[in-house]
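Please look at the sequence and the model below.

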Amino acid sequence: MSNHDTVAMDLPRGDYLIRGCRVITLDPQLGELDRADVLVRAGVIVAVDTSLPADGAELIDASGLILMPGFVETHWHMWNSIWRGLAHDAPGYFALHRLAASYTAEDHYAAVRYAATEAINAGVTTCHNWSNALRGEADAQAQGQALVDSGIRARFGYGHLPGPETTAVGDDEIATMLAWLDEHGDHRIDLGVVIHSSDHFVAEVEAARRHGLKSIAPHADLSQVLHLLGPDFIFTHGPGTPDGFIRLLASKGVKVALCPATDPLIGAGLPPIARFVENGIPFGDIGFSVDVTAQTCVDPFAAMRTIMASARIAEQRGASFTDIIFRPGDPNDATNGLTMPRQMLQLATLNGARVLGLDNVVGSITPGKRADLILVRTTDLNMIAVDDCNATFQLVQHGQPHNVDAVMVDGRFLKRDGRLLNADVRAIGAAAARAHEGVRHRAGLTCDLTL
């Protein structure tokens, strides 16, 4: 299915000693190291320490850079990434779902490869491909191949678009996709289900659990199936969710994927992280999601800022602007009772891995975990290259995707020195544009240019 000269499988999974960088491990025991080395061999983080010997590994001088885990995204309809320029609100977006019937398998490949490439460029090393428009094996394998070729780590959320003739995702379909991933997935892509129809809810949950899938993610009415909720469920969005229902989710161990870009865009509200935590959802069970790039872009730094801002607005409890700016700092609490940037870094990495059930694999720079890492420059104009300033403040308050200097997934460099290594960006963008035009032409859709 790939039309590109270089795919991730062509890149080496090498041995590297990343030397002399500031390391934000997100590991509770290791913490943050002002200047340290990280040794990677065969896709695994082997050691984190100072003055490590290279022992045959390629030496990478990372002085002046920040090393941290790659971002882990938890809910993204990657198949509709090619709808850019077509919708600005919720009604317009949902009306576009009729385009699903006009996709070819090649369109599915182009859309997911396009989305995954943007993700990697922005420092996202794991995504949840919420694939709710599959019509069969060809569509699924096209999307799977796009994820494999891109080099990203992914949860493939398998699902069907609701409609009068929609059938349940059943055992045969799940078994077929599991077999395909086992043969072609490079041990980076695993399977979950996404549910968009209450008609087949019970059958799809039972099928997912029979096959031991790690996540069940619904966009459907839960009122009649509350007894099925459990720790393998991912609840998305959140604005307007009643406190009592949040407490029910907490009692069932359900994980949460906030949508900091799309929910404010459509006017639904800021991500209600404070209410989720206050009503019993553990902070560690809450991650961020891209949701859709039909209307937004991939920017984990902006996502962290929005979630932090939402938390801080709630924490000020309605205080006036004057009260806030003239209130003296608390000498006994440097946080002044506010959610802090370091927590946002955890949410966007380790928490996301936990939401997907991958926290024993990725999400922190911990010896024994897979090497999904990013290096971030502080020499760009929007940052400042001062060794003893707070790196977590810089990353969350000032960071942008273009600051991501290098991206490693499973021990392979996919981006280095600011340049993607396995992606002809011009060709991938052109393929996405052709898919956009082809789908619209077959569906008879024109764009309103007057708005």
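Is strand β7 (residues 124-131) mostly covered or mostly uncovered? In this predicted model, β7 is mostly covered, and eight of its eight residues are buried.

**Partners of β7**

Strand β6 (residues 71-72) runs parallel to β7 and is joined to it by two bridges. In this pairing, Phe71 stands opposite Val124 of β7. Strand β8 (residues 153-158) also pairs with β7 in the parallel sense, over six bridges. Here Trp130 has Gly157 in β8 as its bridge partner. Between β7 and β8 the chain passes through helix α3 (residues 137-150), and this β-α-β crossover is right-handed.

**A three-stranded sheet**

Further strands form an open sheet of three, in the order β11-β12-β13, with parallel pairing. Its edge strands are β11 (234-236) and β13 (286-288), each of which pairs on one side only. On average, neighbouring strands of this sheet are turned by 30 degrees against each other, direction ignored. Strand β12 (residues 255-258) is joined to β13 by three bridges, and Leu258 has Phe288 in β13 as its bridge partner.

| Strand pair | Bridges |
|---|---|
| β6 and β7 | two bridges |
| β7 and β8 | six bridges |
| β12 and β13 | three bridges |

**A nonpolar surface patch**

Phe321, Ile324, Ile325 and Phe326 make a nonpolar surface patch of about 460 Å². Phe321 lies in helix α10 (residues 321-326). Phe321 counts as exposed because its relative accessible area is 65%, and exposed means over 50%.

Technical notes. Residues numbered from 1 in each chain as written. Predicted model: local features only at pLDDT ≥ 70, side-chain atom pairs only at ≥ 80, totals over all residues. Heavy atoms only, no water. Buried < 20%, exposed > 50% of the residue type's maximum accessible area, 1.4 Å probe, protein only. Helix = DSSP H or I, 4+ residues; strand = E, 2+ residues; numbered from the N terminus. Pairing = 2+ DSSP bridges. Right-handed = clockwise from strand over helix to strand, strands pointing away. Patch = residues over 30% accessible without salt bridge, like charges linked within 9 Å, V, L, I, M, F, W, Y side chains within 5 Å. Areas by Shrake-Rupley, 256 points an atom, 1.4 Å probe, with all protein chains shown as cover. Salt bridge = Lys/Arg side-chain N within 4 Å of Asp/Glu carboxyl O. Axes fitted to C-alpha atoms, helices over the stretch in contact; angles between N-to-C directions.
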